[in-house]
There are 2 protein chains.
Amino acid sequence: MAEAVVLLSGGLDSSTLLAIARERGFEVVALTFDYGQKHVRELESAKKVANRMGVKEHIVLSLDLGIYLRSSLTQGKMRIPLGRSETEIRTGIPDTYVPARNIIFLSIASSIAESRGANAVFIAVNAVDFSGYPDCTPEFLDAFGKVLKVGTKAGRIGSPIKIEAPLLLKTKAEIVREAVRLKVPLELTWSCYLGGTKACGRCDSCQLRLKGFLEAGFKDPIEYEVHQ
Amino acid sequence: MAEAVVLLSGGLDSSTLLAIARERGFEVVALTFDYGQKHVRELESAKKVANRMGVKEHIVLSLDLGIYLRSSLTQGKMRIPLGRSETEIRTGIPDTYVPARNIIFLSIASSIAESRGANAVFIAVNAVDFSGYPDCTPEFLDAFGKVLKVGTKAGRIGSPIKIEAPLLLKTKAEIVREAVRLKVPLELTWSCYLGGTKACGRCDSCQLRLKGFLEAGFKDPIEYEVHQ
């Protein structure tokens with residue numbers, strides 16, 4: 001049975017991704033990073049999701065990088081923006097951007113995949129309902145695919161690790177519908193950047209998630225601070 | 001003064017690289033990885049070299065990856081090949097190859113560089129006197145440069161972090177000459193894959209180093225197990 005490394009943050013998108021990788025017939029090795037994010041709570045969600053959905057192995061890696069990364073997701077003195085309008089979310093690159101985060105995640109996932117002889121790395125990037133992060137676009141994935149082709153042994157003398165991004169061009173509503181169809185335990189997922197006891201409902205990530213549930217016609221099973 | 005992140009392993013090449021970055025007018029942030037390599041001794045060399053040569057900051061990062069990486073540099077049950085002929089070294093990709101190692105190193109270095117507003121990342125890859133690793137070639141560096149251009153904020157709305165590889169097309173003898181010219185403390189460097197008390201003189205890395213000193217007409221100041 002072919003194996004895939006699935007980047008799992010514990011959010012709506014990556015949990016749905018895991019279900020898609022399984023539906024496509026892969027044995028899943030889930031990979032989660034503790035990189036100093038304030039919403040470290042998502043790690044607990046990742047563990048619960050991986051456990052509930054059943055994976056071959058769940059690797060949780062610590063990257064002791066938080067103090068070096070300029071992002072409001074990692075720096076205490078930078079505030080995570082709340083209550084931005086849809087137009088604001090769709091414009092520019094906010095300071096929740098973590099420099100080269102997906103490049104780092106894909107590099108390590110590819111290294112582990114190549115080491116194990118796995119065929120693919122799944123990543124839940126999305127270029128539709130997102131915050132404009134440059135490492136979530138088709139051009140980025142194409143460029144990274146080229147790096148694996150020329151820069152790894154598997155790419156040079158075998159077949160390169162394939163980067164799979166099945167959510168890339170889906171709306172958040174479509175992702176919610178996929179999650180429901182695939183029986184993803186949505187109540188265990190965590191998307192909020194703030195990482196409080198309840199989701200804030202106001203950060204970009206909460207807003208995009210809520211919009212997805214609204215448009216898909218489902219109720220989000222997690223609790224929010226702000227009454228929706 | 002412009003800042004550069006310099007990937008420093010503690011070997012001959014990366015120590016020379018550090019001197020070149022300084023000569024080019026950069027303030028140097030040295031970056032060293034503990035990724036589970038057997039020759040962990042190189043980390044001590046990296047610290048001594050950084051200290052002796054003077055850097056703005058030396059970041060030593062632990063990547064808890066060793067058990068996941070299929071390489072004779074990290075796996076106890078895999079033997080590091082010794083005594084290979086020059087033809088053997090020049091043919092194929094040996095199992096000292098660490099899957100996607102330079103992709104991981106460059107990703108993290110670029111993330112730190114972008115976070116700090118540094119202009120460049122220096123890496124000591126060499127495609128002449130090397131073991132055929134695919135992540136040490138011009139094509140690889142070009143492909144990675146493209147990833148930084150499309151996949152980072154600096155690449156999209158500023159100027160991308162530049163990957164500098166001044167040793168790429170030099171012979172090992174030329175690197176030794178550069179090291180001598182730039183007064184690199186060669187006695188502090190460590191290249192041997194085995195990481196014993198003296199360099200083994202027989203692994204690919206020792207052999208390439210010794211050949212470089214021989215051809216450059218200098219005596220290598222470090223001690224070897226095998227009398228040279």
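**Figure 1. Strands β1 and β2 of chain B pair side by side.** In chain B, 5 bridges join β1(B) to strand β2 (residues 27–34), and the two run parallel. This is a predicted model. One facing pair is B:Ala4 with B:Val28, the latter in β2(B). Strand β1 of chain B spans residues 3–7 and is mostly covered. Of its 5 residues, 4 are buried. Strands of a sheet pair through backbone hydrogen bonds, either parallel or antiparallel.

**Figure 2. The sheet of chain B has two edges.** Chain B holds an open sheet of 5 strands in the order β3-β2-β1-β4-β5, with parallel pairing. Which strands stand at the edges? They are β3 (57–62) and β5 (162–164) of chain B. Each has a single partner strand, so one side of each is left without a neighbour in the sheet. From one strand to the next, the twist averages 25 degrees.

Figure 3. Helix α1 (residues 12–23) of chain B lies across β1, β2 and β4 (120–122) of that chain. Its direction is at about 170 degrees to β1(B). Helix α4 (residues 101–116) of chain B also packs on the sheet. Helix α4 of chain B touches β1, β2, β3, β4 and β5 of chain B. The angle between α4 and β1(B) is about 160 degrees.

**Figure 4. B:Val6 sits in the largest nonpolar core.** This core counts 148 residues. Which members touch the most others? They are A:Val6, A:Val121, B:Val6 and B:Val121. Look at the contacts of B:Val6, leaving aside its neighbours within four places in sequence. They include B:Leu17, B:Leu18 and B:Ala21. Also in contact with B:Val6 are B:Val28, B:Ala30, B:Leu31 and B:Phe122.

**Figure 5. Chain A has an open sheet of 5 strands.** The strand order in chain A is β3-β2-β1-β4-β5, and the pairing is parallel. Strands β3 and β5 (162–164) of chain A are the edges, and each pairs on one side only. Neighbouring strands are turned by 25 degrees against each other on average, direction ignored. Strand β2 (residues 27–34) of chain A is joined to β3(A) by 6 bridges, and the two run parallel. A:Phe33 faces A:Leu61, which is in β3(A). Helix α1 (residues 12–23) of chain A lies across β1 (3–7), β2 and β4 (120–122) of chain A. This helix runs at about 170 degrees to β1(A).

Figure 6. Why does A:Ile163 count as buried? It has 21 C-beta neighbours inside 10 Å, and the cut-off for buried is 20 or more. Beyond four places in sequence, its contacts are A:Leu106, A:Val121, A:Ile123, A:Leu141, A:Phe144 and A:Gly145. A:Ile163 and A:Asp142 are 21 residues apart in sequence. In space, their C-alpha atoms are 8.9 Å apart.

**Figure 7. Two loop residues have a positive phi.** Most residues other than glycine have a negative phi, and most peptide bonds are trans. A:Ala100 is not a glycine, yet has a positive phi of about 60 degrees. A:Ala100 is found in the loop between α3 (86–89) and α4 of chain A. Is A:Ala100 buried or exposed? A:Ala100 is buried, with 30 other C-beta atoms within 10 Å. For B:Lys183, phi is near 55 degrees, also a positive value. B:Lys183 is found in the loop between α7 (172–181) and α8 (204–216) of chain B. B:Lys183 is exposed, because 9 other C-beta atoms lie within 10 Å and the cut-off for exposed is 12 or fewer.

**Figure 8. Chain A meets chain B.** Across the interface, 36 residues of chain A are in contact with 37 residues of chain B. On the chain A side, the elements giving two or more residues are β3 (57–62), α4 (101–116), α5 (138–151) and α6 (153–157). Which element gives the largest share of this side? It is α4(A), with 9 residues. The residues of the chain A side divide into 20 nonpolar, 8 polar and 8 charged. The model scores ipTM 0.95 and pTM 0.96. Chain A has a mean pLDDT of 95, and 99% of its residues reach 70 or more.

Definitions and conventions. Residues numbered from 1 in each chain as written. Chains lettered and ligands numbered in written order. Predicted model: local features only at pLDDT ≥ 70, side-chain atom pairs only at ≥ 80, totals over all residues. Contact = placed C-beta atoms within 7 Å. Nonpolar A, V, L, I, M, F, W, Y, C, P; charged D, E, K, R; others polar. pLDDT = per-residue confidence, 0-100. Core = buried A, V, L, I, M, F, W, Y, C linked by C-beta atoms within 7 Å. Pairing = 2+ DSSP bridges. Axes fitted to C-alpha atoms, helices over the stretch in contact; angles between N-to-C directions.
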